[in-house]
Amino acid sequence: MRGLKDKVVLVTGGGGGIGGATCSRFASEGAKVAVFDMNLESAQKVVDGITAAGGNAAAFKCDITNRAEVDAAVAATEAQLGPIDVLVNNAGWDVFKPFVKTVPSEWDKLIAINLTGALHMLHAVLPGMAERKYGRIVNVASDAARGGSSGEAVYSACKGGLVALSKTLAREHARQSITVNVVCPGPTDTALLSGVAEGARDPAKLIEAFRSAIPLGRLGQPDDLANAIVFFGSDDAAFITGQVISVSGGLTMVG
Ligand SMILES: NC(=O)c1ccc[n+]([C@@H]2O[C@H](COP(=O)([O-])OP(=O)(O)OC[C@H]3O[C@@H](n4cnc5c(N)ncnc54)[C@H](O)[C@@H]3O)[C@@H](O)[C@H]2O)c1
């Protein structure tokens, strides 16, 4: 893909399934990748894989719910790799429960990670992009934001918020050549999905229900998502902004 060589790309939750695949894919396109995760060990594993393949990446411990940690890790990234060209807000967390059985402390955690965390990252990174008049932002939401999803009420609300936020920022920053787009995974084979399934009465049955509902007949794999995220981070997507795409094997076809 065009325009990624030597670009500085920051991926939150880069130590996880979709984030790890995304970091590796950006690195294979010649980008310098900052792998952000609150779990430094998993971020370092991703960096080791990239380095072994001849790529350029560095791991940064960063809990995106903590603004001071975000500011420090963004400053460390810019000192080590250079100004940030591409930001991927990918870190996320979910708990699978009917809304009436959830408790406010769970809402607080869901909102902090899935919505406030992205706000912190955007607030820290956008001013530099605006000054340099270049930026690519990709926010990873969910099909739960587009079509709703039983058992994921507050998570869906956060992801829906991320969609609306992205469209607004796309408008506010278009004249600075900053694009903001949203990739919505459907059920994807990662630790997050296994965790969600564990909350169900029969986890294997839930996973099979997801799989059989997907027109293309399989769960998403992290690389399926990385393909779309890297596209929106590249100059091949320079004329696309404020858009939302589902990468779900056709699970949802709304809008
Ligand atoms: N897997 C799915 O089925 C699915 C479906 C829809 C949307 N998504 C979204 O895709 C994104 C990636 O999820 P995944 O499936 O790869 O999950 P994952 O659990 O494999 O990875 C998530 C990563 O985020 C990190 N993280 C969590 N909280 C953090 C915090 N406060 N600060 C920094 N890092 C933090 C975790 O340590 C982990 O490495 C998430 O935003 C998720 O909501 C996933």
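Which polar backbone atom is 2.8 Å from an oxygen atom of the ligand? That one belongs to Thr188, and the views below start from there. This is a predicted model, in which local features need pLDDT of at least 70, side-chain atom pairs count only at pLDDT 80 or more, and totals for chains, interfaces and linings use all residues. Residues are numbered from 1 along each chain as its sequence is written, and side-chain values use heavy atoms, with hydrogens and water left out.

View A. Thr188 puts a polar backbone atom 2.8 Å from a ligand oxygen. On the nitrogen side, a backbone N or O atom of Ile64 sits 3.0 Å from a ligand nitrogen, and a polar backbone atom of Cys62 is 3.5 Å from a nitrogen atom of the ligand. The protein buries 92% of the 820 Å² that the ligand exposes when taken alone (accessible areas by the Shrake-Rupley method with a 1.4 Å probe).

**View B. The shell around the ligand.** Count the residues with a heavy atom within 4 Å of the ligand and you get 28, with Asp37, Asn90, Tyr155, Thr188 and Thr190 the closest. By class, 14 are nonpolar, eleven polar and three charged; Gly goes with the polar ones.

**View C. A tilted Phe pair.** Ring centres within 6.5 Å make a pair, with planes under 30 degrees apart stacked, over 60 edge-to-face and the rest tilted. That rule gives three aromatic pairs. In one of them, Phe36 and Phe60 have ring centres 5.6 Å apart and planes at 45 degrees, so the pair is tilted. Phe36 sits in strand E2 and Phe60 in strand E3, 24 residues apart.

Technical notes
A polar contact is a pair of N or O atoms within 3.5 Å; within protein, one must be able to donate a hydrogen and the other to accept it, and residues adjacent in sequence count only if both atoms are side-chain atoms. Rings of Phe, Tyr and Trp (its six-membered ring) pair if their centres lie within 6.5 Å; planes under 30 degrees apart count as stacked, over 60 as edge-to-face and the rest as tilted. Helices (H or I, at least four residues) and strands (E, at least two) are DSSP runs, numbered from the N terminus.
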